[in-house]
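The following report looks at backbone geometry, nonpolar cores and charged pairs in turn.

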Amino acid sequence: MAEKFFDFIVVGAGSAGCAIASRLSENSKFSVLLIEAGKKDGSLKIDMPAMISKVVPPNDLNWNYWTEEQPNLNGRKLYWPRGKVLGGSSAINGMLYVRGHARDYDEWAQLGCKGWSFDDVLPYFKKSEGSDRPADEFHANDGPLLTTQHTSEHPLNRAFLNAASEMDLPYTEDFNGADQEGVGWYDQTIRGGRRQTTARAYIRMAENRPNLTILTEAQVQRVVLKGKKATGVTVMRKGKTETLHADKEVILSGGAINSPQLLQLSGIGDPEDIMAVGLPVFHELSAVGKNMQDHLDVTVYAHLKDPISFMRYKAPHVAIVELAKWFLKRPGAMSDCVTPVGAFLKTDAALERPDIQFHIILAMSPKPHGLEEPAEHGFGIHVCQLRPHSRGTISLASDDPMAPAKIDPNYMAVPEDVRVLREGIKRVRTLMQQPALRSYIEKEANPWSDISMDDDTAIEQAIRAGAETIYHPVGTCAMGPADNATSVVDPSLKVIGIDGLRVADASVMPRLIGGNTNAPTIMIAEKCADLIKAQHSQGS
């Protein structure tokens with residue numbers, strides 16, 4: 001690559017990085033480099049929503065991470081898929097467009113993140129969104145990220161909603177509207193049956209700009225520091241290391257695992273963590289890699305009386321018809337997300353916000369994350385605890401930049417997390433007993449078929465044996481006041497104590513939001529780009 005000097009270097013072309021690079025390159029006076037460790041996107045497995053089962057299990061579009069053994073989950077190591085491709089995890093996620101509860105962002109502001117209340121961030125959600133809903137107080141139609149309301153007409157989705165009505169649960173028309181609480185259809189980052197990654201949404205409109213350079217299959221090893229200023233990065237590409245220089249800023253958008261790891265590899269973080277692998281400390285910032293939060297999830301499965309699960313699409317004559325629909329951009333099984341309906345509910349009516357989330361999935365896999373294909377007809381309802389109290393860490397396992405970090409979510413270290421999941425499971429099992437759903441169900445699957453509804457001990461044992469991540473790690477480069485020991489970045493997303501360095505991705509969330517994290521990560525990127533433009537546009 002001939003040019004080695006840029007105004008801005010964005011590290012990580014995922015949900016945040018693609019948006020930031022695209023927005024910064026709108027200013028033709030800025031030169032922008034976007035670096036991605038993975039490949040360019042373009043795979044059919046990414047484009048077709050129903051192919052999610054091919055991109056979540058271990059594959060070359062994925063970092064294929066594993067956690068440390070979790071003592072509160074029977075010593076299990078959990079698989080953590082993260083996207084390693086242009087578009088990052090937006091290329092392998094469940095394609096739900098969910099913002100979280102408005103109160104989540106007001107809480108950020110109360111924690112000292114000035115400028116991040118819901119009223120502050122709503123314009124950035126709308127700026128990113130190209131919704132097929134009518135433009136109103138909560139939605140916009142002209143943003144690059146195209147979103148769609150549901151297209152599925154599968155009878156189990158309707159049965160889920162009808163069963164919720166039989167339980168007198170509220171219905172909501174829009175999880176991203178005035179009231180999140182209730183059951184309903186999820187908006188999806190799908191349009192015309194095609195997954196809308198941030199590569200598709202943001203990079204395709206920017207990739208031909210002469211001031212934007214995109215470097216794929218290149219892994220950043222360290223941030224280059226000159227005193228207390230970031231001046232560039234070192235990159236490993238095709239077996240060779242080179243240094244690339246940033247005249248204005250380096251922006252880390254590697255996500256909740258890779259961003260703190262890169263800071264630590266660069267000598268920025270808790271001295272104990274850095275020196276433990278023999279690296280020198282350049283800047284003490286004790287909160288790097290701390291404050292990790294993730295949504296833990298348990299699925300209650302049931303056997304179906306009739307062959308109506310997604311497994312039926314494996315039959316060649318059925319698959320051919322559905323593939324034809326997809327290529328012709330007609331609604332069908334290949335064009336919809338696999339969890340189109342769900343709920344945000346409270347385990348206690350006194351709560352101000354929902355603390356559990358449900359997703360229905362029309363398949364029953366022997367192992368989580370699609371690690372094994374379904375062998376029989378069944379379906380499941382995911383139970384996700386939205387506001388975990390447990391906190392984990394990211395730390396270096398080695399001084400080798402190519403080695404994965406140590407991921408220790410410390411799941412269920414706080415007993416309240418167990419209680420919430422237990423109550424959520426009871427709610428789901430009651431939902432399955434309502435006439436609308438019960439008419440489809442032969443029986444609950446193991447272990448639930450052998451566990452009484454009121455056997456809290458057995459339910460807890462099942463949680464510890466079967467809980468898994470639902471892919472929402474955040475918080476490891478937490479945003480907060482510059483004088484707070486728990487902060488890594490300030491409210492302008494600048495790394496505290498280092499000039500010319502920001503972090504903008506899910507790692508900056510001080511608290512995990514009550515919902516899926518893709519849309520909020522893109523919002524963070526949009527706001528970050530505006531913060532950078534405001535600082536550097538004058539005289540540029």
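Pro447 has its place in the loop between strand E24 (441-444) and helix H13 (456-466), where helices (H or I, at least four residues) and strands (E, at least two) are DSSP runs, numbered from the N terminus. The peptide bond that leads from Asn446 to Pro447 is cis, with omega near 5 degrees. The model is a predicted one, in which local features need pLDDT of at least 70 and side-chain atom pairs count only at pLDDT 80 or more, while totals for chains, interfaces and linings use all residues. Residues are numbered from 1 along each chain as its sequence is written, and side-chain values use heavy atoms, with hydrogens and water left out.

Most residues other than glycine have a negative phi, and most peptide bonds are trans. His369, although not a glycine, has a positive phi of about 65 degrees, and its place is in the loop between strand E20 (356-361) and strand E21 (378-385). With a relative accessible area of 10%, His369 is buried; here buried means under 20% relative accessible area, exposed over 50%, and partly exposed in between (1.4 Å probe, protein chains only). Tyr471, in the loop between strand E25 (468-469) and strand E26 (501-503), also has a positive phi, near 75 degrees, and is partly exposed at a relative accessible area of 27%.

The largest nonpolar core has 78 residues, and Trp108, Leu263 and Leu501 are those with the most contacts inside it. Such a core is a set of buried Ala, Val, Leu, Ile, Met, Phe, Trp, Tyr and Cys residues joined through side-chain atoms within 4.5 Å. Helix H14 (residues 518-536) gives the most to this core, with seven residues. Apart from it lies another core, of 53 residues, among them Ile360, Leu362, Ala405 and Ala462. Leaving aside residues up to four places away in sequence, Leu501 touches partners including Val223, Leu263, Ile268 and Lys494, a contact being heavy atoms within 4.5 Å.

Thr197 is found in the loop between strand E11 (194-195) and helix H7 (198-203), and at 2% relative accessibility it counts as buried. A polar atom of the Thr197 side chain lies 2.9 Å from the backbone nitrogen of Arg200. Not counting residues up to four places away in sequence, Thr197 touches Asp41, Ile46, Ser90 and Ala91.

A search of the whole structure finds 32 salt bridges, each being a side-chain nitrogen of Lys or Arg within 4 Å of a carboxyl oxygen of Asp or Glu. Three of these pairs are set out below.

| Pair | N to O distance |
|---|---|
| Lys533 and Glu26 | 2.8 Å |
| Lys367 and Glu372 | 3.7 Å |
| Arg464 and Glu460 | 2.9 Å |

Lys533 counts as buried at 17% relative accessibility, whereas Glu26 counts as partly exposed at 37%. Both Lys367, at 43% relative accessibility, and Glu372, with a relative accessible area of 34%, are partly exposed. Arg464 and Glu460 both lie in helix H13, four residues apart, about one turn of the helix. Salt bridges that share partners join Arg103, Asp104, Glu107, Glu352, Arg353, Arg387 and Arg511 into one network.

Methods
A polar contact is a pair of N or O atoms within 3.5 Å; within protein, one must be able to donate a hydrogen and the other to accept it, and residues adjacent in sequence count only if both atoms are side-chain atoms.
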